[in-house]
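Subject: Handover of a structure for your study

Dear colleague,

Please find the structure below, together with an account of what was found in it. Kindly read the account with the structure open beside you.

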Amino acid sequence: AKKSGKGCFVFWQRSFLKDSTPERMRIESELRDAIDGNQLLMHYQPKIDAETGQVTGLEALVRWNHPRHGLIYPDSFISIAEESNIILELDRWVINAVAYQQKIWKEMGLPLMTVSVNISASHITRMELVTIFEELFQRYPFLPHCIDVELTETAIMANPDRATEVLNCLLALGVKASVDDFGSGYTSLGYLKKLNANTLKIDRSFIDGITADDYDRDVARAIIALATSMSMDVVAEGVETMEQWDLLRSFGCQYLQGYYFSRPKSAAEIAEIYLGADPLKFDRNLPTT
Ligand code: C2E
Ligand code: MG
Ligand code: MG
Ligand code: MG
């Protein structure tokens, strides 16, 4: 079962689902209702400049406010959505929600930051993803320059030629692209070069062990060197301590994300704390709460 303590209990066990078609169908139908009935919401987690401590971007993360079970995190429902076509609708909902949020922040006069949107594995080989963004950018002409798409390394490598093709079309629209959870899959470096993504995000599993485990530290350092040599930006995800911050900074990692700086927060909280007139800046000499 999944790690607990995230505010939801594991009520969908995968083994249970495999055997029980009616149960799965109930969840799928609840998920459809969730998309139509506005039970989904986005939280945003800041990305920090490792040198200055300034917030430089946000990652959008979906949550499901279930009428009976409360707030449910994506690890509990993305894979179910992936196994049916619901994921296509879910991704579309997320992309539109982020665009709408950017519009609201813009209308409030807040500085626009690049928002990263996670794209599901099922979508990154489909040209219809390009159409979704094209239609969106007609409605919101300011948007292309403040959107980044995050594609996981594993999803890209499942069908690298097709993913490269779709990604090139997205890049042509003016968005940026990141390879998410990098280091956890098996990337051919030849493809990485061809992919034209702007950013590598080091998988959290390596950051976890970076101060205690030589292997994790070497992998993190190697990914940073690789990104630098390919002129890509690099983000470390899952930074939870100042020691990790210091070490990553000394390795030349430009951007950091993690609970040490901030958990994902609602759009209202983000506007208040990070997009205000005097946005919060993290200082390495001050304790962070
Ligand atoms: P991800 O894209 O790699 O997102 C990072 C996950 O790590 C998030 O979990 C985030 O809350 C968590 N995290 C961030 N900092 C820390 C830290 O310091 N320590 C720890 N332990 N965790 C940290 P979340 O929001 O539960 O999302 C899980 C995964 O679900 C995401 O991994 C992404 O693959 C997927 N996902 C999230 N939102 C969406 C979405 O809107 N669409 C799609 N298709 N997938 C999504
Ligand atoms: Mg991500
Ligand atoms: Mg990630
Ligand atoms: Mg992940």
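Two residues are said here to be in contact when they have heavy atoms within 4.5 Å. The structure is a predicted model, in which local features need pLDDT of at least 70 and side-chain atom pairs count only at pLDDT 80 or more, while totals for chains, interfaces and linings use all residues. Residues are numbered from 1 along each chain as its sequence is written, chains are lettered from A and ligands numbered from 1 in the order in which they are written, and side-chain values use heavy atoms, with hydrogens and water left out.

Confidence

The predictor's confidence in each residue, pLDDT, runs from 0 to 100. Its average for the protein is 90, and 92% of the residues score at least 70. Over residues 1-9, however, pLDDT stays under 50. Where pLDDT is low, the predicted coordinates should not be read in detail. The model has an ipTM of 0.98 and a pTM of 0.93.

Donors are N, O and S atoms within 2.8 Å of the metal (3.2 Å for Na, K and Ca); water is not among the atoms, so sites may look incomplete. Glu59 (OE), Asn118 (OD1), Glu150 (OE) and Asp180 (OD) coordinate the magnesium ion (ligand 2) at 2.0 to 2.2 Å. Glu59 belongs to strand E2 (residues 55-66) and Asp180 to strand E6 (residues 176-182), so the pair ties together parts that are 121 residues apart in sequence. Strands (E, at least two residues) and helices (H or I, at least four) are DSSP runs, numbered from the N terminus.

Asp180 coordinates both ions, which are 3.9 Å apart. With a relative accessible area of 6%, Asp180 is buried, whereas Asp181, at 24%, is partly exposed. Buried means under 20% relative accessible area, exposed over 50%, and partly exposed in between (1.4 Å probe, protein chains only).

The nonpolar core

A nonpolar core is a set of buried Ala, Val, Leu, Ile, Met, Phe, Trp, Tyr and Cys residues joined through side-chain atoms within 4.5 Å. The largest one has 87 residues, of which Tyr44 and Trp105 touch the most other members. Helix H4 (residues 86-107) supplies the largest share of this core, eleven residues. Beyond four places in sequence, the contacts of Trp105 include Tyr44, Leu58, Val115 and Ile270.

Yours sincerely
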